[in-house]
Structure formats: structure tokens, C-alpha cells
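Trainee: Could you walk me through this model, one feature at a time? I'd like to learn how to read each one.

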Amino acid sequence: MSTTDAQARSPRWHVLGSLPFAAAALVLVNGLYILLVAIGNITDYGTNFDFVHHVLAMDTTNFGQDAGKGLDPDVMWRAIDNPVLWNVAYIGVIAWESLTAIVLIVAVVFFVRGFLGRGFQTARVWASIGLVMIILLFVGGFITIGGEWFQMWRSTAWNGLDPAFRNSVIAGIGLVLLHLPSPRWDDAARRPRAEES
């Protein structure tokens, strides 16, 4: 009996221990997380707007001194002091988070269809796009631009590097799972035919 035959004859609940299910679970939690972040930023705009404001203004990049004191003049030319630009940047982040949440929710819908026998190829594509969007936001936006360009690493009050790293790693693990080879990726598409025979 081949591995494929054994998979076709295994109980349906065994799908819970499969690579597609593990990947789908990570896509689901990433999608739920980024959706809640977007909702929080929309409904409580001011709280995280303060974060964006201080990061872009670079007014706390002084290792914990009072705001505006002890700033490094060699990098302060990078600071953005315009409140309009702070709002544009923040709205851009919210729009990116919202779009990412939509992409990952669509991926979850395609995963459900995959478990019903339609295959996982489309789910894997949508999930990969959504998880890469998370990595672009947190590695590209928060760690690279905020952390390095705007020197967020120097701030003790407004430093989002640790959460950005955690979010990036969780999304990265999901991407790895999505791209691991496994015969189980094709199992859902094969199972209905196997059950009919």
C-alpha cells in the first residue's frame, strides 16, 4: 500500500495533524491578528498615532532622556516634524494592515475549500501574499525604516522593534510551512475520487 493510499484511507479527522492544517492555522491566526490591529488602529486612532508621531519626529531617540533632550544632531535631519505627514504615514499603515487582513481572510476561505476537496494551490498563493505583506510591514516598515532610518532603537519610550520582530517571525514560520513539500498538499484534491471508488 502506498503512502497516498494510506492517506486516502485514513480517518478525516487526521487532517488536523497535517501540514496543510498547520499552515492554515497559522494563516488564520495571522489574519485575525492583523485584522484586530487594523480595527484597533481605526477605532483608537490616537493611541498608536502617538507612536507614529514620536518615531517620525525622533524626539525620544535619546536612550530615555526627556523628550527633545540629548538628541544626536548627526541623524536628526531625518526627523519629520509635519503632522500632516505623520497622519499620511499612519493612514498608510492602517490601509496596509486592512488589505493584509483581507488577503489572509480570503486565503482562509480557500483553505476551507481545499479541505473540502478543491485543492490548496489558490490558498497557498493568497496566504503567501498576505504573509509577505506582514513581513514587508514589520521588517520593512517598522524594523528597517522606523528602527534604523528613524533610529527607533535609541528610544526607550517608543520602541516597537520587539513586537515587529515577533510578528515577522510568526509570519515567516507560516511562509515556511506553506512552501514545505508534502504529498498532503494534493491529498484533499485526490480524496473525493478515492472515496468514490
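Trainee: Is Phe-63 buried or exposed?

Mentor: Buried means under 20% relative accessible area, exposed over 50%, and partly exposed in between (1.4 Å probe, protein chains only). Phe-63 has a relative accessible area of 54%, so it counts as exposed. Before we go on: this is a predicted model, where local features need pLDDT of at least 70 and side-chain atom pairs count only at pLDDT 80 or more, while totals for chains, interfaces and linings use all residues. Residues are numbered from 1 along each chain as its sequence is written, and side-chain values use heavy atoms, with hydrogens and water left out.

Trainee: Where does Phe-63 lie, and what is its phi?

Mentor: Most residues other than glycine have a negative phi. Phe-63 has a positive one, about 55°, and lies in the loop between helix 3 and helix 4. Helices here are DSSP runs (H or I, at least four residues), numbered from the N terminus.

Trainee: Which loop holds Met-58?

Mentor: Met-58 is also in the loop between helix 3 and helix 4, with a positive phi near 60°. Its relative accessible area is 0%, so Met-58 is buried.

Trainee: And what does Gln-151 touch?

Mentor: Contact means heavy atoms within 4.5 Å. Leaving out residues up to four places away in sequence, Gln-151 touches Met-58, Thr-61, Val-75, Arg-78 and Gly-146. Gln-151 and Met-58 sit 93 residues apart in sequence, yet 7.1 Å apart in space, C-alpha to C-alpha. Gln-151 belongs to the loop between helix 5 and helix 6 and takes a positive phi of about 55° just after helix 5. At 4% relative accessibility, Gln-151 is buried.

Trainee: Where is the kink in helix 5 centred?

Mentor: The bend at a residue is the angle between axes fitted to the seven residues ending there and the seven starting there. In helix 5 the kink is about 25°, centred on Gly-141.

Trainee: How many residues does the largest nonpolar core have?

Mentor: A nonpolar core is a set of buried Ala, Val, Leu, Ile, Met, Phe, Trp, Tyr and Cys residues joined through side-chain atoms within 4.5 Å. The largest one has 39 residues, and those with the most contacts inside it include Val-27, Leu-131 and Leu-178. Helix 4 (83-118) is one of the helices supplying at least two residues, and the largest share, 8 residues, comes from helix 4. Leu-131 touches, among others, Val-27, Leu-104 and Leu-178, not counting residues up to four places away in sequence.
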